[in-house]
Amino acid sequence: MEQVRLRPGMWVRGGSLEELSTMLFGYSVALRVHGVDEEFAFHPSSGPFASWLSREYGLPMALGWASAIERHLPDEPPLDTFFRLFDEFRQPLAGRVTGGKGTF
């Protein structure tokens with residue numbers, strides 16, 4: 001995620017959160033296909049990030065977190081909003097032990 005934050009134009013066309021969501025979903029599929037046991041938080045509508053957004057901000061997840069952010073939090077560029085929320089989401093996770101596994 002930090003690489004996307006540093007060079008969003010390389011990873012996400014036009015700053016679209018739908019593009020980011022699609023890329024992350026592909027990443028999650030690759031994890032499963034290759035048997036990588038890594039926690040993945042960005043399932044479009046039912047993952048930990050989506051659940052957190054729904055709980056903390058009351059955002060509907062029927063169309064996924066990308067659409068919810070773009071439609072209901074339009075006061076700043078979507079990628080900026082996503083990374084602000086991503087940082088907020090990660091804060092309570094900072095003390096969690098992941099058993100040596102990566103967290104995306």
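What follows is a working chat about a predicted model of a protein and its aromatic and nonpolar residues.

Colleague: OK, on to the rings. How many aromatic pairs does a search of the whole structure find?

Modeller: The search of the whole structure gives 16 aromatic pairs. One of them joins Phe40 and Phe42, whose ring centres are 6.1 Å apart with the planes at 75 degrees, and because an angle over 60 counts as edge-to-face, that is how this pair is classed.

Colleague: Are Phe40 and Phe42 buried or exposed?

Modeller: Phe40 is buried, and Phe42 is buried as well.

Colleague: What about Phe49 and Phe82, how is that pair arranged?

Modeller: Phe49 and Phe82 also form an edge-to-face pair, with 5.5 Å from centre to centre and 70 degrees between the planes. Phe49 belongs to helix α4 (residues 48-57) and Phe82 to helix α6 (residues 78-90), so their pairing ties together parts that are 33 residues apart in sequence. Both of these residues are buried.

Colleague: Which residues do the ring pairs link into a cluster?

Modeller: The cluster linked by ring pairs includes Phe40, Phe42, Phe49 and Phe82, together with others such as Tyr27, Trp52 and Trp65.

Colleague: Switching to the largest nonpolar core, which residues touch the most other members?

Modeller: Within that core of 26 residues, the ones touching the most other members are Leu20, Phe42, Phe49, Leu53, Trp65, Ile69 and Phe82. Helices α3, α4, α5 (65-72) and α6 each supply at least two residues of the core, and α6 gives the most, with six.

Colleague: What does Phe82 touch, leaving aside residues up to four places away in sequence?

Modeller: On that basis, Phe82 touches Met1, Leu17, Leu20, Phe42, Phe49, Trp65 and Ile69.

Colleague: Last one: which residues form a nonpolar patch on the surface?

Modeller: That patch is formed by Phe25, Val29 and Val33, which together have about 240 Å² of accessible area. Phe25 lies in helix α3 (residues 17-33) and is partly exposed, its relative accessible area being 34%.

How values were computed. Residues numbered from 1 in each chain as written. Predicted model: local features only at pLDDT ≥ 70, side-chain atom pairs only at ≥ 80, totals over all residues. Heavy atoms only, no water. Phe/Tyr/Trp six-rings, centres within 6.5 Å; stacked < 30°, edge-to-face > 60°. Buried < 20%, exposed > 50% of the residue type's maximum accessible area, 1.4 Å probe, protein only. Helix = DSSP H or I, 4+ residues; strand = E, 2+ residues; numbered from the N terminus. Patch = residues over 30% accessible without salt bridge, like charges linked within 9 Å, V, L, I, M, F, W, Y side chains within 5 Å. Areas by Shrake-Rupley, 256 points an atom, 1.4 Å probe, with all protein chains shown as cover. Salt bridge = Lys/Arg side-chain N within 4 Å of Asp/Glu carboxyl O. Core = buried A, V, L, I, M, F, W, Y, C linked by side-chain atoms within 4.5 Å. Contact = heavy atoms within 4.5 Å.
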